Amino acid sequence: MCRICGGVVNEFLDLGRQPLSDAFVEPDETADEFYYHLRVGVCESCSMVQQLAEVPRERMFHDSYPYVSSGSVRMREHFTRTAHDLLERESTGSDPFIVEIGSNDGTMLAAVRAAGVRHLGVEPCGGVADVARAAGVRVRSAFFEEAVGAEIAAQDGPANVVFAANTICHIPYLDSIFRGIDALLAPDGVFVFEDPYLGDVIEKNSFDQIYDEHFYVFSARSVQAMARRFGFELVDVRRLPVHGGEVRYTLARAGARTPSAAVAALVASEDARGLAELSTLHAFAAEVDRISRDLVLQLEKLRDSGLRVAGYGATAKSATVTNYAGIGPDLVPCVFDTTPAKQGRLMPGSHIPVRPAEEFAEYGADRLLLFAWNHAEEIIAKEKDFARGGGRWLLYVPEVRLL
Ligand code: DWN
Ligand code: SAH
Ligand code: ZN
C-alpha cells in the first residue's frame, strides 16, 4: 500500500538482501550486521516511487551516523549558494526565521548564521549535530515530525522557510512531516526541499540512489500529488546538477502562490516520456541487471590481468551496487575515503576495507572504481596525478566504462 495515498503499489525492482548503507562495521563485528530485503515499487494512483519495506529510523540515524555534508568542496559551495538564495528570495519581514530539517553538520545553516539570520536545524544524529553546534549553528536534536514542528512554532514563532536537502526522501512518515510543517510555516512561508530526481535515476541508470535511507524517489508529478494531498501546492521546480541530478521543489500553502511555468513543463515532460509507467520502470530494472553483470565482468578482467584495483569514495550508495552485484574484497581489495568515521572499518555487507584517502598514493592503484561518481569532476581534478601516471577510472553510471 502506498505510504502517501494508500493506493496500490506495483513492485518493479528487487535489489535483494541489503545491509544498512551507512553502517560501516568493525572487522570483528560482521556477525551482527542488520539486513533487509530492498524492493521498490510505484503507486498506481499518485505515481510515487517507494520502497516496500521500512527500516526503523533509529537503526539508520543515530549518534554515530558517519556522513558529513562538508566532505565535498562542491557541495559546500552548493549549500552556501542555497543559503544566499533562500535569504534573498524567501526571507521576508524584519526578523526572518529559517528552519532546516536534516541539518547534518550545519554546512547550509552556517551561511545563514553568518548572515545574522534567525535559524534552527533539526537533526537526530548527535555526532554531526555537535559539529554544527561547534560552528555556532543552533540545532535541536530530534527527528522532525508533527509534534516537533508545533513545539518549534510555539517557542520560536512561525518559519518563513523550511528547507531540507537529501532528507525528505529519507522519511517514510511524510504525513506527519507535512502536519509539522503546517504547524510551523508562516501563512506565506515556503517549504523547499531537494532530492535525487527519478528522471535522472532512470536516464542515468543510477540505481545506487536506492538504498535503505532513500525511501522515496521523487518526480514533479508525485510531489505535486503529495503536496495537494497535504494542503500544499508545488509552486516551483528547478533541476540541480548535484548528487547525480536532483530537483529542488518549492511548496507553498494551497492557493498562496501561483505555480511557475516550470512546474507544468516538468510534469508534462515526465508524462511525455512515461516516467512513472510500469513499462519504463521494468526496462530500468533490466538495465540494473545488465550493468551489474557488466561491472563484475570488468572487475574480473582487471583482477585476472593482474592490475591493482581499488575503490574511491565509501558512499552509502555503493552498498546497493556491491551487495546486489556481489562485489567483495576479491574484486575491490579496498576503498579510499576522507571520512574519519568510515576509515579502518569495512563497507557494509561487502566487507571491503575502508582506508584513509592519504594512503591512496602509496597504494599505487592502476584502476579506480569511482563509487562517488556524483563527485567525479571534483575527485578526478583532485587526483589528476593518478591519470597522469597511467591510471584509469572505472565508472558504472550511466554505463560501465573506463575513463
Ligand atoms: O542522501 C544522502 C547523501 C546526501 O549523502 C545520505 N543518505 C547519505 C550520503 O550518501 P553518499 O554516502 O552516497 O553520499 P556522497 O556525497 O556521494 O558520499 C561521498 C563519499 O566519498 C563520502 O564518504 C566522502 C567521500 N569523498 C572522498 O573520499 N573524497 C568525497 C569526496 C568529494 C572526495 O574528494
Ligand atoms: N542535508 C544534508 C544531510 C543529508 S543526509 C545534506 O544534504 O548533505 C540525511 C540527513 O537527514 C541525516 O543527517 C539524517 O540524520 C537526517 N534525518 C533523517 N530523518 C530525519 C528527520 N525525521 N528529521 C530530521 N532529520 C532527519
Ligand atoms: Zn500513492
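Angles under 35 degrees count as roughly parallel, over 145 as roughly antiparallel, 65 to 115 as roughly perpendicular and the rest as oblique. I keep in mind that this is a predicted model, in which local features need pLDDT of at least 70 and side-chain atom pairs count only at pLDDT 80 or more, while totals for chains, interfaces and linings use all residues. Residues are numbered from 1 along each chain as its sequence is written, chains are lettered from A and ligands numbered from 1 in the order in which they are written, and side-chain values use heavy atoms, with hydrogens and water left out.

**Helix pairs**

I took helices (H or I, at least four residues) and strands (E, at least two) as DSSP runs numbered from the N terminus, and axes as lines fitted to C-alpha atoms, for helices over the stretch in contact, with angles from 0 to 180 degrees between N-to-C directions.

I looked up H5 (residues 146–156) and H6 (residues 174–184), whose axes come within 7 Å and cross at roughly 10°; the two helices are therefore roughly parallel to each other. Contact (heavy atoms within 4.5 Å) is made by Glu146, Gly149, Ala150, Ile152 and Ala153 of H5 with Ser176, Arg179, Gly180, Ala183 and Leu184 of H6. I sorted the residues of this contact into five nonpolar, three polar and two charged, where Ala, Val, Leu, Ile, Met, Phe, Trp, Tyr, Cys and Pro count as nonpolar, Asp, Glu, Lys and Arg as charged, and the others, Gly among them, as polar.

I then turned to H8 (residues 220–229) and H9 (residues 261–272), whose axes come within 8 Å and cross at roughly 120°, so that H8 and H9 are oblique to each other. Ala220, Arg221 and Gln224 of H8 meet Val263, Leu266, Val267, Glu270 and Asp271 of H9, and I count four nonpolar, one polar and three charged residues in that contact.

**Sheet**

I traced an open, six-stranded sheet with mixed pairing in the order S14-S13-S12-S15-S16-S17, two strands being paired if DSSP finds at least two bridges between them. S15 (residues 367–370) and S16 (residues 392–395) pair in the parallel sense over three bridges, and Leu369 stands opposite Leu394 in S16. Helix H10 (residues 278–304) lies across S12, S15, S16 and S17, and runs at about 150° to S16.

**Ligand 2**

Which residues come nearest to ligand 2? Of the 21 residues around ligand 2 (a heavy atom within 4 Å), I find that these are Ser69, Gly102, Glu123, Phe144 and Asn166. I also noted that a backbone N or O atom of Phe144 lies 2.8 Å from a nitrogen atom of ligand 2, and that a polar side-chain atom of Tyr173 lies 3.0 Å from a nitrogen atom of ligand 2.

Notes: A polar contact is a pair of N or O atoms within 3.5 Å; within protein, one must be able to donate a hydrogen and the other to accept it, and residues adjacent in sequence count only if both atoms are side-chain atoms.
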